[in-house]
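Please open the structure in your viewer and keep the sequence beside it. The stops below are meant to be followed in order, selecting as you go.

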Amino acid sequence: MITETKAYLERFGMLQERYAVRHPRSGPLTLAYRAYSVFRFPFKAKNALVLWSHKNRSYLRKAVLILLKLRIRHMNTTTSLLTVLILVIPASQAVSDDSNQLLKDALSAAPVSLRDQVTVMDWNNNVLQEGSNNYVCFPTPPTLQGTAPMCLDGPWQKWAAAWMDKQPFTASGLGISYMLAGDEGASNIDPYAEGKTDDNDWIKEGPHLMIIVPDPKDLDSLPTDPDNGGPYVMWKGTDYAHIMVPVRLK
């Protein structure tokens with residue numbers, strides 16, 4: 001039964017990934033429901049829950065909600081209560097620890113003076129900290145290795161949405177983003193490069209600010225060389241061009 005369940009779970013996961021590409025802003029619960037709607041896997045809910053929780057410990061409680069939402073009828077009342085009590089209670093501490101780590105990572109991108117004022121969200125749009133200004137900080141994207149948290153103001157949030165969806169973008173006003181924990185590297189000429197090549201001008205930057213401006217002509221007076229010793233333009237000639245401003249933390 002376990003082998004069969006694993007096979008179905010793998011197929012279910014592939015469907016989730018397919019929907020995640022098509023619907024990048026959807027959370028895990030929505031993606032699971034969409035995948036389930038086209039693939040009804042015939043396994044006992046208890047085994048599914050155990051395997052799911054082992055693979056995605058931080059989403060354990062969401063897995064329980066998914067199973068309840070889908071109303072899998074193979075799970076009787078006694079089994080369902082025991083499974084939830086056994087798995088969710090010890091997992092709550094792991095979920096809390098994971099959230100605290102994500103919060104700490106995200107806040108490391110912001111100036112100390114702003115850290116108690118910013119909103120912090122994970123990449124599934126779960127709010128980890130409520131804020132009082134227009135900045136939203138995100139932890140390092142799960143697709144990246146190393147450290148690359150960021151804090152975005154209103155214009156930068158629109159920029160990020162356009163960049164992720166590969167849509168045209170023009171800033172409506174000046175925008176300032178903070179990445180004071182630095183990053184693990186990016187191409188200075190290709191917005192969608194996934195790794196270093198011989199000709200994509202890969203640069204690993206330390207603590208820095210990023211600035212977008214409404215008029216691309218304002219960038220013409222700045223260099224594009226990351227090694228010039230000051231601010232430079234990244235991704236010039238694209239809708240996502242912005243000014244990189246290296247800073248030194250005290």
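The tour goes from the whole chain to the sheet, then to a loop, and ends at a group of aromatic rings.

**Before selecting anything**

This is a predicted model, in which local features need pLDDT of at least 70 and side-chain atom pairs count only at pLDDT 80 or more, while totals for chains, interfaces and linings use all residues. Residues are numbered from 1 along each chain as its sequence is written, and side-chain values use heavy atoms, with hydrogens and water left out.

**The whole protein**

Colour by secondary structure, and you will find six helices and 10 strands; these are DSSP runs numbered from the N terminus, helices being H or I of at least four residues and strands E of at least two. Of the 250 residues, 42% count as buried, where buried means under 20% relative accessible area, exposed over 50% and partly exposed in between, for a 1.4 Å probe and protein chains only. Contact means heavy atoms within 4.5 Å, and among contacts between residues at least 6 apart in sequence, 56% join residues at least 24 apart.

**The sheet**

Select the strands of the open, mixed sheet, whose eight members follow the order β2-β1-β3-β4-β5-β8-β10-β9. At its edges are β2 (127-129) and β9 (232-234), each of which pairs on one side only. Two strands pair if DSSP finds at least two bridges between them. On average, neighbouring strands of this sheet are turned by 30 degrees against each other, direction ignored, with axes fitted as lines to C-alpha atoms, for helices over the stretch in contact, and angles running from 0 to 180 degrees between N-to-C directions.

Next select β5 (175-179), a mostly covered strand in which four of the five residues are buried. On one side, β5 runs antiparallel to β4 and is joined to it by two bridges, with Cys 151 standing opposite Tyr 178. β5 is also joined to β8 by five bridges, again in the antiparallel sense, and here Ile 176 has Ile 211 as its bridge partner. From β8 (residues 208-212), move to β10 (residues 242-246), its antiparallel partner over four bridges; Met 210 is bridged to Met 244.

**The loop at Thr 140**

Select Thr 140, in the loop between β3 (136-138) and β4 (150-152). Is this residue buried or exposed? Thr 140 counts as buried, because its relative accessibility is 13%. A polar atom of the Thr 140 side chain lies 2.8 Å from the backbone nitrogen of Ala 148. Beyond neighbours within four places in sequence, the contacts of Thr 140 include Asp 105 and Trp 123.

**The aromatic cluster**

Finally, select Trp 156, Trp 159, Trp 163, Tyr 192, Trp 235 and Tyr 240, which form one aromatic cluster. Rings of Phe, Tyr and Trp (its six-membered ring) pair if their centres lie within 6.5 Å, and planes under 30 degrees apart count as stacked, over 60 as edge-to-face and the rest as tilted. By this rule there are nine aromatic pairs. Among them, Tyr 192 and Tyr 240 are edge-to-face, at 6.2 Å centre to centre and 85 degrees between the planes. Tyr 192 lies in the loop between β6 (186-187) and β7 (202-203) and Tyr 240 in the loop between β9 and β10, so the pair ties together parts 48 residues apart in sequence. Tyr 192 is partly exposed, with a relative accessible area of 31%, whereas Tyr 240 is buried at 8%.

Technical notes:
A polar contact is a pair of N or O atoms within 3.5 Å; within protein, one must be able to donate a hydrogen and the other to accept it, and residues adjacent in sequence count only if both atoms are side-chain atoms.
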